[in-house]
Amino acid sequence: MNLDQIDIRNINLNKSNEKFEVEGFLKKFDLILEKDVDYTIALYDEDRIIGTGSLSGNVLKCIAVDSNYQGFGLTNRLITVLLNEQYDRGNSHLFIFTNPSNKKFFFDTGFYEIAEIDSKVTLLENDPMGIEKYINRLFLSRKDGNVISSIVMNCNPFTYGHQYLIENASRNSDVVHLFVVWEDKSIFPNEVRFNLIKSGISHLENVILHKGSDYIISNSTFPSYFIKEKNSIVNVHAQLDLKIFGTYIAPPLGINRRYIGEEPFDLVTNEYNSVMKNLLPNYDIEVIEIPRKALGGQIISASRVRAAIKEGKISILEDMVPSTTFDYLISDDAKPIIDKIIG
């Protein structure tokens with residue numbers, strides 16, 4: 001083996017032959033190239049792939065090296081290139097989700113463990129004080145009371161259904177901490193969703209609004225390429241997210257209750273809710289499930305709102321969203337988003 005002839009090449013994911021080659025290599029490790037990958041590199045020995053790694057936002061993923069080439073520092077070489085690309089993009093706080101059996105590789109490259117679920121998944125970050133600094137920031141928002149509730153929402157966009165759940169929590173709590181999932185993978189951008197929620201709950205004085213963090217893991221950011229039992233992905237994701245919530249997020253705020261909306265149709269959300277009801281009581285957090293608000297016998301949801309926009313049924317939106325959301329949807333500011341939904 002001549003290590004000097006091994007080089008790293010950027011993969012053009014828009015070229016099907018290059019993408020197919022990486023997918024074929026990962027398949028040997030029971031891994032998949034996830035759809036949200038936006039940057040991929042590969043190690044080549046002459047014209048044969050012997051290793052690969054990818055990025056999605058501030059997450060490193062889909063990293064693998066041929067077993068015949070392990071022990072020569074090639075994993076470190078891959079990660080170094082990926083880290084430099086992240087720093088060039090301005091991303092300094094980075095994460096890796098991996099199988100626990102592989103975590104030692106990443107310890108050696110400056111990553112630190114946040115949480116682990118059995119033998120399924122470990123979440124690592126490159127800041128040894130990252131989670132501690134986040135906890136300290138949360139302490140600044142602490143308000144005392146007997147019932148300190150929490151809600152985690154995406155709101156893509158904010159509807160009467162979301163408002164109904166928040167109002168219910170507000171009436172039955174001393175304080176409500178509302179976390180907005182923070183990632184640019186929704187049709188409505190982070191700041192737009194945040195501002196629509198802020199406007200829609202301005203009448204609720206005991207609700208504290210938080211911009212979600214990297215420590216609140218959504219369905220769209222949780223990677224599953226390394227989980228062999230694909231039918232367990234949602235369950236593992238939920239366990240990891242809830243372990244982080246119960247261990248790091250709830251204690252500094254004194255959270256002892258979490259509100260969720262009933263989900264009779266979406267199987268993913270329904271399973272997530274089920275795991276939540278089983279696990280959060282272990283952290284002394286009561287889970288309250290509220291029936292969804294309905295209109296004309298149909299549940300009000302963000303997906304229904306987006307469907308109405310796509311079909312050009314703007315007039316029915318007034319019955320599904322607060323006036324603050326409706327005013328935004330018919331504004332010039334929303335036109336690029338509306339056009340994107342309509343396609």
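Analyst: Buried here means under 20% relative accessible area and exposed over 50%, with partly exposed in between (1.4 Å probe, protein chains only). This is a predicted model, in which local features need pLDDT of at least 70 and side-chain atom pairs count only at pLDDT 80 or more, while totals for chains, interfaces and linings use all residues. Residues are numbered from 1 along each chain as its sequence is written, and side-chain values use heavy atoms, with hydrogens and water left out.

The chain has 11 helices and 14 strands, where helices (H or I, at least four residues) and strands (E, at least two) are DSSP runs numbered from the N terminus. Of the 343 residues in the chain, 51% are buried.

Helix α8 covers residues 267-279, and its 13 residues should span 18 Å at 1.5 Å a residue, which agrees with the 18 Å between its end C-alpha atoms; the expected span is 1.5 Å times one less than the number of residues. Its buried residues are Tyr272, Asn273, Val275 and Met276. Seen down the axis of α8, these buried residues fall within an arc of 165 degrees, so they line one face of the helix; the arc is that of the directions from the helix axis to the C-beta atoms. An α-helix has 3.6 residues a turn, so residues three or four places apart point the same way.

The buried residues of α8 pack against α7 (233-253), β11 (257-261) and β12 (286-290), a contact being heavy atoms within 4.5 Å. On the face of α8 turned away from its buried side lie the exposed residues Leu267 and Asn278.
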